Amino acid sequence: MKRQQLQRAAVTAASSVLAVFVALLISAVILLITGKDPVKAFTTLFGAAGDTRVIQGSLNRATPLMISAAAVAIGFKMNLFNIGVEGQMRVALLATAVVGAAVNLPAPLHIALCLVVAMASGAVWSGIAGWLKVKRGVNEVISTIMLNFIALSLVAWAFDDFFRVESPNESVLVKTKELPKSAWFPDLVDRRLNGMLLVAIAVLILFWVIVWKTRFGFRLRASGGNPGAARVTGVHPQRMILISMLLSGALAGLVGMRALLGDVHAYQNNLAEQQGFNGIAVALLGRNHPLGIFFSAILFGFLGEASGKLQLEDIPKEIATIMSGIIVLAVVIINEAVKRWDDRRIQRKAAAELEKVSA
Amino acid sequence: MSTTTEAGALAVELSGITKTFPGVIANKDVDLRVRAGTIHAIVGENGAGKSTLMKTLYGMHQPDEGTIRVDGRDVTFRSPTDAIAVGIGMVHQHFKLADNLTVLENVILGNEPVGSRGRLRLDDARRDIRGLMDALNVDFDLDAPVASLGVGQRQRVEILKVLYRGAKILILDEPTAVLVPQEVEELFATLKRLVSEGRTVIFISHKLDEVLTYCDEITVIRQGLTVAHTTPRAVDRRGLAELMVGSDLPNPAGRTSHVGATPVLEVHDVAVAGASPGAKLALESISFTVHDGEVVGIAGVEGNGQFELCEAILGLAPMVSGSVHIAGRDLTLAGTRERITSGLSYIPFDRHREGLLLDAPLWENTLLGREDESDLSSGPFISRRRAEAESRRIIDRFGVRTPSEQVPAFALSGGNQQKLVVGREMSTAPKILLAAHPTRGVDVGAQAAIWDELRSARDAGLGVLLISADLEELIGLSDRILVMFDGRITAELDPGRATPEILGTHMTGEVQGVAQ
Amino acid sequence: MTAVTAVAAPERSGWKGLSPARRTMIIWLGGMFVLSIVRIIADADDLTSSGTIASTLRVATPILLAGMAGLWAERAGIVNIGIEGMMIVGSWCGGYGAWKWGSWAGIAMALVAGSLVGLLHALATVRFNVDHVVSGIAINTLAAGATEYLSIIFFKGQKGGGESQSPTGKGGYGEFDMPFLSGGRIGSWRSPDILGWFERQHDLPLVPDVAGFVRGLTSDICPRWSRLRSSHSRCGCCGARGSGCVCVRVASRRRPVRASACRSTACGIRQWP
């Protein structure tokens, strides 16, 4: 990597790291004000990093976050805000649960079918928003948020009225028909870390390769960076918007698969909740880059997993949620400030080097 | 309302103003003396530093060095509010009006008269504005929404706005850029009336004819320096142009023709739809041919269809009828990418909006539009190494001043950005180059370099469609000049016999359809 | 001399020719008529009862306020996706204020808290030029987390409170029924409930509906604010887990109607008898 690029990357990463520190600081203050011991909180939290179970749990939680953030990031590359990951994920969950339970195939094929169905249904749902934007200029922020609500109600109704299977045991949550064992995604560490992690990492790698290394990815980034410039070279902005939304929806569809194929093996009402929204936070912290997303997802996963330990010290584990929130807000603010500073630095440096040459 | 400053005293005096931005010295030790009660023109090429100077006077930024004196008093402006308080008002080139408000609301915006308990005293405002309008001899329906007004009227609303705040010194930035000749006359009539009341008007322009006709004094700025202070009596158009450009103007005579016989671009009877359904056609029955080794210049005031013509050739415009042939192939229905691969290249009107990815490094900008070329890609992947090598080649060949090809495009100066765009478009071995204002915002040295490149490419067989507002550029480079007015081609002229005056009369539609 | 004159509005006939007030009247009457027919056919006497209208108003109030918040921001050119977060913080602080110092203090605190969060949004978008949508989302996330945590610290273990609910607030605003129209009190005498009588004539078309509508507007005004509930970890209405679920449960002394507007995704709006 050239020196310039390395510098740019370091500056981008620095804003995220700085944001995490700011969040720790403010959380410490909040803890103090509310009468809890911040030192104890942090040592408990970060001490948990040594526990293998916690690490496995973090990676497990990070899996859907990685995919969700990738879905959001692909939209961002085209200046599209796909806030609808939650809804797209939900539609894909029910569709996959129903289809997956209705067929019987040998294991690898069955899983492949489920993944394909998930991606397709997610893409269909996000495609609605994409089509509305292309045909009628509807702002995708509004349409995806509205589609979220529609999806959730639609899925709840479909589940309630058609696909639920009453369980003989009253205390168990109702679900759809359970997936046959051939659709269960194998665990890496039994019951604690599911193999979908590898799929998530593969998604991130593919994301990187496609967006930064291929001609299509170049056209995507050009369209997002300057739609006017892309247009005069023959890239259809409308087509790019639609493709971007479809890709985003397809990835969104995969978000719930770890919970569905690796954990519960059937659809139930609160499956994989909030993972769509949390993906947005991870994408923001990871600056929409696969490497950043990877680490951010692990961080968020870790915060979620390790915060359980805080209960033992009489510190509400919700402090971790506050930390996540502050991290997100801090990173977007700090990033803007840092970017402005960095842009000016680059300009000054370029001018200085030219003066040297001409002098 | 007349000022107490006696005519002859200086309304504005700028001394030794220096202002630098990262990478460029916009103003260096500039002096400006404006006498009260005059119309004073500041003249210079694009990028010479006129706007920067006026922004300093209006308080939009602070100079690095130098002093400002208004009505004999030293002043410093921390923001336009300070400038307004002293009586300076500025009418910008791009109007800052709120379309959804009425004329009255726009004029009082930010300066609303409020009574006790904070209620708007609209009747007072109406009275005051009416007084201003009477003095200026204009009439407006104060309750008309600004969105319904034409360009000339909007400009007058802007002037009213400035006067309502009690401006005694008005600065107008390129006021006639968007006006048709009749509106120009009306504007200057208004300005003369203002000046007769004792106010002072400073206007920035690069249109020499207007400057010589309407103003009392002229200051010429070139490359950030004041080069002359003169009056219309003391200088003629050619002299003024030479002061602006600083060197001898290009002489079109004495060059050999390289025009070949193969048509590389044929536009036949092209018509392009207007902006909205039922509107007039943006282009009507446009027909011409460009041959290999030929430069066809298109002259015309901006907004007469040149942009739509480029879009039609690129395949992006809603063409109603006609055909476009590129390198002999009928590509009327083809997409843009296909036209580009058939030998079309395009230097866009606005490099920021259509030519560059500002946040991306130069090697990625080199790939723009070229990522499908076989020697810049391998299979579905882009080849970064080869793109970098190609960009280095362009940087060397076209003299783009940059530390490396990794630098993001926004870090380059405007002239160097333009050189990169020109270099990129000319490096695809095109057969026909669509060049829209290829040297806009470029310093004189770079301009000469680009002209040389265009000439040698032309000699080697490239066909060029040159669209430009720079009449000297058109005359100096073209083998033929076509004039566009109101969406049609109204004249064809021989550059050897065309002068800026003759071109000017054709461009403003005074004379139509007369070939030289 | 340039003159710009306003073009006189063209004469219009039919629907467009009516004034806005007239148009509203016609739409309202038409709507009442349709509802009346539906009520008679479906024999759903409760459809247009004053109770339904009253609870409609109650449930609509937060939506109306949120809508106005969005309108205010849009007019100033700011996209405010963070209204959700501001609502959550506002309602938490309102619940806290109501618990400690009474209902009016609760309202005051809610106002202040909401605007402070708005200030945060302004800081990010105006001073630091952060994208409006991104800032709004970040604020929603932060608000949800913050109120969860603060609820646990302050509300857990208190009487009537818990980690997802603020304790019972002190006092209320009192209640008010219109005299004569809705049987309100004048002094200590209960006036006849004229509208109520009309409302009960279920065999007539339109009359009970209109009566119900007007009575709904004029009775049970300002019902007691018995409890402001901020539900975070688990929605009390439907059991769904969702951070930032705001259940506004309002109980009235006269009518045991409870309306719950649950933002949690699986819940929707429900009403208990």
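Student: In chain C, what percentage of the contacts with a separation of 6 or more is accounted for by residues 24 or more positions apart?
Tutor: The model is a predicted one. In chain C, 58% of the contacts with a separation of 6 or more come from residues 24 or more positions apart. A pair counts as a contact because its C-beta atoms lie within 7 Å.

Student: What makes residues of chain C buried, and what percentage of chain C do they make up?
Tutor: A residue is called buried because 20 or more other C-beta atoms lie within 10 Å of its own. Of the 273 residues in chain C, 42% are buried.

Student: How many helices and strands does chain C have, and in what order do the elements run?
Tutor: Chain C has seven helices and five strands. From the N terminus the order is α-α-α-α-α-β-β-α-α-β-β-β.

Student: How many residues of chain A and chain B are in contact?
Tutor: On chain A there are 26 residues in contact with 35 residues of chain B. The largest share of the chain A side, nine residues, is from α14(A). By class, that side has eight nonpolar, nine polar and nine charged residues.

Student: Which domains does the assignment give for chain B?
Tutor: Domain 1 (10-245), domain 2 (258-343 + 430-516) and domain 3 (356-428). Twelve residues of domain 2 of chain B are in contact with eleven residues of domain 3 of chain B. Helix α15 of chain B gives the most to the domain 2 side, with five residues. That side divides into nine nonpolar, one polar and two charged residues.

Technical notes: Residues are numbered from 1 along each chain as its sequence is written. Chains are lettered from A and ligands numbered from 1 in the order in which they are written. This is a predicted model: local features need pLDDT of at least 70, side-chain atom pairs count only at pLDDT 80 or more; totals for chains, interfaces and linings use all residues. Two residues are in contact if their C-beta atoms, placed from the backbone, lie within 7 Å. Helices (H or I, at least four residues) and strands (E, at least two) are DSSP runs, numbered from the N terminus. Ala, Val, Leu, Ile, Met, Phe, Trp, Tyr, Cys and Pro count as nonpolar, Asp, Glu, Lys and Arg as charged, and the others, Gly among them, as polar. A residue is buried if 20 or more other C-beta atoms lie within 10 Å of its own, exposed if 12 or fewer, and partly exposed in between; C-beta atoms are placed from the backbone. Domain bounds come from an automatic or database domain assignment.
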